[in-house]
Amino acid sequence: MKLFYYQRQDKIPNFGDELNHWLWPQLQSHLFEREPETVFVGTGTLINSKLVERVQPAKKVVLFSTGAGYESPMASIPQNWEICCVRGPLSAQQLGLPAHKAIADGALLVSQLFPHSATTQTQSTPQKQDAQKQDAQKQDVRKQNVSFMPHIHYANEGGEAWERICQRAGLRYIDPRWPVEKVLTAIASSERVLAEAMHGAIVADALRVPWIPIVTGPRIYGFKWQDWCASMELFYHPYHLPALKSYRRWGRGFRSGKLAAGHWLRALLEGPGSTPHYEIFGDEGAIAQRLANIAKQAPMLSEDRIFEQRVEQLQTSFAKLCQQYAPEPAMQH
C-alpha cells in the first residue's frame, strides 16, 4: 500500500500529519511493502470532496480512522473505497455509515508503541501497575511540566511569541513542527497539556496525560474536535484566548468576519487580555496570565474503560485490515 496523509504546500511538518509516517509502518511494516496501487489513508481530517482527486490514480483506497471535514462533504462514497472505520460519530453520520464504523482517531494507537508514565489512570490491576512502573523506569519518563501546544497555523504565525508567553506563564512550549518523537516525549513527560493542536490532545489522552482544549484564533475547526470527543464520550468546551499581534487576518468576507468576531467575544467574556475590536490584538503579558490561570483548571481525560475499549476496537479493525492485505502478524509490540 501507499501511505497517504496531508502534506502542506509550504513543506512545513505538522505533528498530526507526520504522525502517520511514524505510526502505521511501526504497527505493520509489511502493509506498505506490497500492492502499491492501493492507497492507505490514516489519521487526518481528509474525507471530503477533494480526497478523490488527491488519491488518484489509486485503484483502491482504504481509509482507517480518518475524519470527515473541511472543503465540501462528499456526495457519495466511491465504489473502490473501503472504509474500515472513521474518527467519530459525526464523520459516520456525514458519510451515511453505520454507527459501528465510528471508533476513534487512530493516533490512540500511539499508546501501543510509545512508553508513558506508570502514574496515570490506566492502572487497573497490580500486575499492570508493576509492568507500567518498570516501563517508565526504563524509559526515564518523568512528568515535570504543564505544556502548551498551539495549532500548526498559529505556531507558524506566532511561535516565537508563544515561546515568550509560555516562559512568562511558567509553561513548557511544544511546537507542532518538531520531529514526531520529540513531541511525543514532551507530551509524555508533561503533567498536563494545554492543546490547541487536536492531535496534541489525542496523543496526550493516548499516553494518559490530562489535557485542556485551547483556542487562540478563529481558524480552529470545531467539528473535528467534536467528532473525536464524541467518540471518547467527552464534551468539547475549549478555553478561548485572544489572537496574537503576529497572527494574519484570517480570510475575507462576511463569514470570516463573523468567525473572528465570535472568537473575540468568547475570549473577552472568558478572561482579561482581550478586546472586542477585531483589529486590536491581545497583550502578551495578559495572555500569559490567562494561560497560567487556565493551566490550573480541571483537565480532561477519557475514562479508562472507554479508552481501553476504543484501543481494542482499533486494534481489532486494524488486525482485520492486515490479515486482508498482509498475512503477517498485525501488531508489533
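Between which strand and which helix does the loop holding Asp175 lie? Asp175 belongs to the loop that runs between strand S7 (172-173) and helix H6 (180-188); helices (H or I, at least four residues) and strands (E, at least two) are DSSP runs, numbered from the N terminus. The model is predicted, so local features need pLDDT of at least 70 and side-chain atom pairs pLDDT 80 or more, whereas totals for chains, interfaces and linings use all residues. Residues are numbered from 1 along each chain as its sequence is written, and side-chain values use heavy atoms, with hydrogens and water left out.

Asp175 is buried, at a relative accessible area of 6%; buried means under 20% relative accessible area, exposed over 50% and partly exposed in between, with a 1.4 Å probe and protein chains only. Its side chain makes a polar contact of 3.4 Å with the side chain of Tyr173. Such a contact is a pair of N or O atoms within 3.5 Å; within protein, one must be able to donate a hydrogen and the other to accept it, and residues adjacent in sequence count only if both atoms are side-chain atoms. Neighbours within four places in sequence aside, Asp175 is in contact (heavy atoms within 4.5 Å) with Ala155 and Val183.

The chain as a whole has eleven helices and ten strands. Of its 333 residues, 55% count as buried. Among contacts with a separation of 6 or more, 65% come from residues 24 or more positions apart.

Aromatic rings supply 14 pairs. Rings of Phe, Tyr and Trp (its six-membered ring) pair if their centres lie within 6.5 Å; planes under 30 degrees apart count as stacked, over 60 as edge-to-face and the rest as tilted. Trp24 and Phe318 form a tilted pair, 5.5 Å centre to centre with 35° between the planes. Because Trp24 lies in helix H1 (residues 15-27) and Phe318 in helix H11 (residues 304-325), this pair ties together parts that are 294 residues apart in sequence. Other residues of H1 that are buried include Phe15, Leu19 and Leu23.

A second tilted pair joins Phe148 and Trp162, with ring centres 4.8 Å apart and planes at 45°. Phe148 lies in strand S6 (residues 145-149) and Trp162 in helix H5 (residues 152-169), 14 residues apart. Both are buried. Leaving out residues up to four places away in sequence, Trp162 touches Phe148 and Tyr173, among others.

Nonpolar cores come next: each is a set of buried Ala, Val, Leu, Ile, Met, Phe, Trp, Tyr and Cys residues joined through side-chain atoms within 4.5 Å. In soluble globular proteins, nonpolar side chains tend to be buried together. The largest core here has 85 residues, and Trp24, Phe40 and Trp162 are among those that touch the most other members. Apart from it lies another core of 19 residues, including Leu46 and Val61.

Val41, in strand S2 (residues 38-41), is buried with a relative accessible area of 0%. Beyond its neighbours within four places in sequence, Val41 is in contact with residues including Leu46, Val61 and Phe64. The C-alpha atoms of Val41 and Tyr5 are separated by 6.3 Å, although these residues are 36 apart along the chain.
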